[in-house]
Every structure is written in C-alpha cells, then in structure tokens.
Amino acid sequence: MKKLIYISIFLFFSTSISALTSSSFLISQLAFKNYDYPRSLSGLKINENNFSNSNLLDKIIAAVIVEDLSTANELSSQLITKDKDNQEAYIVKLTYLYINKKFNKIKNLYSETKNKNELIDFLFFNNNELKNKSTISNSLIDIVTSSFSNAEQLSLNYNFLLFYTSLAKIMDENNDRAILIKGELFQNVEQYTVARKIFDKITISSPYYLDAQRSLAINYSYDYEYDDAIKNIKIILEKNDNNYSLKKILADFYRVKKKYELAIPIYTEMIKEKKEDLWNIYYMRGVCYERLDEWDKAEKDFLISLEIKPESPNVLNYLAYGWVEREIKLDESLMMLKAAYNANPESFYIIDSLAWAYFKKNDLNEAARLMEKVIDLAPGEAISLDHLGDIYYAMNRKREAIHFWKQALELAEPEDEIEEKVRSKLDRFNAG
C-alpha cells in the first residue's frame with residue numbers, strides 16, 4: 001500500500017497551455033480542460049504538429065481516454081524522441097505492444113531505458129517477468145484508487161486518473177471495475193452524458209451491475225430536470241426489484257428537492273428492512289418531518305437514530321439545535337452539541353449550533369467567539385451572519401449587528417428562509 005501511495009504522486013502533474021495563436025489549437029486546449037476529449041483531438045494530424053512536450057502529452061492522454069490506442073501510440077513515439085524518459089508515453093507504448101502480443105519488444109524497449117521507472121515496474125512486471133493482462137489492468141486501477149483515496153478531490157488531476165483507468169479498460173476489456181470507475185470519474189467532472197453511456201456498458205451478469213445502476217440513478221438526479229429524473233430513477237428501481245440502495249437514491253432526491261411528503265413513505269418502507277444504515281434512515285426521515293413542521297415526529301426519529309448510533313455528530317446537532325430553537329432542554333442540548341463538536345470540530349454547522357446554544361443560555365462572550373469562528377470558516381453563510389448579528393445586538397454592539405444583518409440579507413438564499421426575519425430586525429433598528 002505504501003508503494004501505491006508513493007507512486008500516486010505521479011498522477012498530479014499539472015499541464016500547461018502553449019502560447020500559440022492558432023484558434024483551433026486554443027479550442028482544442030479548452031476542450032481538453034473541459035474534459036471533452038473527442039473535441040480536443042478533432043483535426044489532429046499526427047505527422048503535422050508543432051506541439052510542446054506538455055501539449056503532446058495532452059493529446060496522448062486524450063487519445064487513450066477515447067480508447068484510440070493506435071493514435072496514442074504514434075503520438076507517444078513522437079514524445080519519446082523528445083523526452084526519452086516520459087513515463088506516460090512509455091506506458092502507452094508498452095500497452096500497445098502488449099495488446100498486439102509483441103512481448104519480446106516490450107522487454108527490449110524497457111531494457112533500453114536509462115532510468116528504470118518504479119511505476120512501470122509495478123504495472124507490468126513481477127520479478128522481471130511480464131504480468132498477465134488481467135493483473136496489469138488491475139494494477140492500473142490500483143494506482144487510480146490509491147490516488148483517489150489519498151487526495152482531496154479538488155487536487156485530483158482527472159485527466160491522469162481517466163488516462164490510467166482507460167488504459168486498464170483497454171488492457172482488459174472485461175474489467176468492469178475499470179468501466180465503472182471511468183464512468184464515475186466522468187460523472188465527477190460533470191460529463192454526465194458520457195458517464196451514462198459508460199454505465200450502460202455494464203451488463204446484468206456483472207458483479208458491478210448494481211453499482212453501475214446506482215451511479216446511473218445518481219446521474220439522472222444530477223443532470224435531468226425533476227420530472228425526467230424521477231421517471232428514469234423509477235424505471236431503474238422497477239427494473240432492479242426495488243433495490244434498497246436505489247430506493248434511497250429516490251428518497252434522497254425527493255428530500256433534496258424539498259418533496260418531503262414524497263420522501264417520507266420511502267424512508268418508512270426502508271426502515272422496515274432494518275439494514276445497517278437504519279440510524280441514518282431514521283435521521284433522514286426526521287429531517288423531512290422537521291422541514292414539514294412536524295417536530296414531535298422528527299424528535300422521535302432523531303432519538304431512535306441516537307439509540308442505534310449514539311455518537312453521530314449530525315444527528316446530535318440536528319436534534320439539539322431543534323431543542324435550542326424551541327428553548328427547551330438547553331443544558332442537555334449544550335452537552336450534545338459539545339459532543340458533536342468534539343466528534344467533528346471542523347463542521348461550521350455544528351459550531352454555529354453550539355454558539356447558538358451559548359447565546360440562548362446568555363453566555364454571550366462564548367457565543368460571539370464561536371460564531372466569529374463560523375464566519376471565518378464559512379464567510380458567506382447567511383444564517384450564521386444573522387446569528388452573529390443577534391449576538392452582537394444582545395452585547396449592545398449595535399453597529400456591528402446591523403452590518404452583519406445587512407450581509408446576511410445580501411447573501412441569503414431562498415432556502416435559508418431568513419429574509420423576512422432579517423428585514424424585520426433592520427426595520428426595527430432603523431425605526432429606533
């Protein structure tokens with residue numbers, strides 16, 4: 001595993017854009033940056049290019065991702081003449097030779113390289129002997145999953161991740177895990193149409209079929225308008241015998257779209273199945289009840305959820321905040337919110353709730369300290385800005401209060417449901 005993590009640093013190279021003036025070149029580079037790989041290759045003339053090494057590598061990566069190994073191989077030959085130790089170019093050539101069963105050439109090519117490459121050794125060789133295609137394909141996927149699990153999503157270079165995943169698919173066309181991951185990577189970069197086509201390639205006989213169906217349902221929830229998304233998710237659900245995880249996607253979609261009354265019956269049906277995530281289903285149903293102003297039902301679900309999983313910070317936070325807003329059980333709420341904070345000290349939602357509990361208990365200095373921390377973590381959070389205004393007003397820091405209320409009003413989204421309340425406070429302040 002340590003070796004995989006070490007090797008994964010190769011996947012985070014940044015690519016540069018050459019300062020050429022050709023409009024077709026600039027369009028091609030923009031397409032590459034937007035993960036539109038077919039377009040980035042349009043008009044490509046392999047033997048008539050003037051690319052820099054980095055731009056030539058971009059074309060190789062794009063060709064691999066569209067699974068045009070022949071073009072990728074020819075471009076790799078060009079890059080190797082300029083950069084004899086380019087890792088990705090060698091991996092493409094080795095893959096091309098392997099697919100074409102030119103095993104002796106693989107050994108000859110690799111023996112010619114001046115500097116042995118740890119990644120290439122890991123992918124293709126075991127004790128200087130070539131691995132079989134299935135093992136090579138899985139090794140390529142191991143590189144991707146290791147990189148993906150050991151990096152923040154924002155720092156991931158999806159071009160390289162898709163490059164290695166596509167090579168795994170090329171090396172072994174029956175590697176459904178590679179196909180699934182490729183679709184999910186495209187989904188992560190919001191290339192939803194491409195992702196759907198990839199998920200559809202995984203047949204019902206595959207052990208990854210249900211994973212693909214789940215990803216497809218999520219795809220519809222992200223990319224389609226409400227009615228079309230619901231229609232397609234339900235088709236998938238019916239086709240797969242009301243599979244539990246697919247039902248959850250439908251219920252979660254209803255909840256996110258504020259169709260709480262439609263989500264609740266599905267969560268209720270799931271509760272009867274008593275799966276491992278039962279605590280979370282009670283929590284989700286409780287959220288729906290709370291949003292519908294049915295607090296008694298919501299409170300009951302949150303308490304059951306905590307009986308099953310006592311230390312869940314999100315459930316502790318949601319239940320305690322509900323009590324704090326209703327100014328009941330303040331001491332118990334404060335204890336719960338401290339526990340939630342200790343479990344997840346970086347959550348500005350939890351810190352906001354904790355600060356609000358201190359405010360309700362009239363510990364204004366601690367409330368202000370914590371809410372100021374929230375504003376540092378999430379400066380655009382309208383509800384927290386409104387809360388800080390209230391705290392400052394109670395501390396007789398009225399100029400600062402009015403400043404934060406105005407900020408809250410400017411940044412409030414409709415779902416925050418605070419505009420009327422904040423306007424009322426500003427009107428009273430101005431009247432005074």
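This is a predicted model: local features need pLDDT of at least 70, side-chain atom pairs count only at pLDDT 80 or more; totals for chains, interfaces and linings use all residues.

Reply: The expected span of a helix is 1.5 Å times one less than its number of residues. Helix 16, residues 260–271, has 12 residues. From its first C-alpha to its last, helix 16 reaches 16 Å, close to the 16 Å expected at 1.5 Å a residue.

The buried residues of helix 16 are Tyr 260, Ala 263, Ile 264, Ile 266, Tyr 267, Met 270 and Ile 271. An α-helix has 3.6 residues a turn, so residues three or four places apart point the same way. The partners of the buried residues in helix 16 are helix 15 (244–256) and helix 17 (278–291), against which they pack.

By the ring-centre rule, the count comes to 16 aromatic pairs. One of these joins Tyr 98 and Phe 103: the ring centres are 5.1 Å apart and the planes stand at 75 degrees, over the 60 degrees required, so the pair is edge-to-face. Tyr 98 counts as buried because its relative accessibility is 11%, under the 20% limit. Phe 103, at 35%, lies between 20% and 50% and therefore counts as partly exposed.

The pair that involves helix 15 is Tyr 226 with Phe 253. Their ring centres are 5.8 Å apart and their planes are at 15 degrees, under the 30-degree limit, so this pair is stacked. The pair links distant parts of the chain, with Tyr 226 in helix 14 (residues 226–239) and Phe 253 in helix 15, 27 residues apart. Phe 253 has 5% relative accessibility and therefore counts as buried, whereas Tyr 226, with a relative accessible area of 24%, is partly exposed.

Tyr 226 has a further contact: the charged end of Lys 259 sits over the ring of Tyr 226, 5.4 Å from its centre. Elsewhere, one aromatic cluster is formed by Phe 32, Tyr 35, Tyr 37 and Phe 186.

In soluble globular proteins, nonpolar side chains tend to be buried together. The largest nonpolar core here has 141 residues, and Leu 123, Phe 124 and Tyr 164 touch the most other members. Helix 10 (residues 158–171) supplies the largest share of this core, 10 residues.

Technical notes: Residues are numbered from 1 along each chain as its sequence is written. Side-chain values use heavy atoms; hydrogens and water are left out. Helices (H or I, at least four residues) and strands (E, at least two) are DSSP runs, numbered from the N terminus. Buried means under 20% relative accessible area, exposed over 50%, partly exposed in between (1.4 Å probe, protein chains only). Contact means heavy atoms within 4.5 Å. A nonpolar core is a set of buried Ala, Val, Leu, Ile, Met, Phe, Trp, Tyr and Cys residues joined through side-chain atoms within 4.5 Å. Rings of Phe, Tyr and Trp (its six-membered ring) pair if their centres lie within 6.5 Å; planes under 30 degrees apart count as stacked, over 60 as edge-to-face and the rest as tilted. A charge sits over a ring if NZ of Lys or CZ of Arg is within 6 Å of the ring centre and within 35 degrees of the ring normal.
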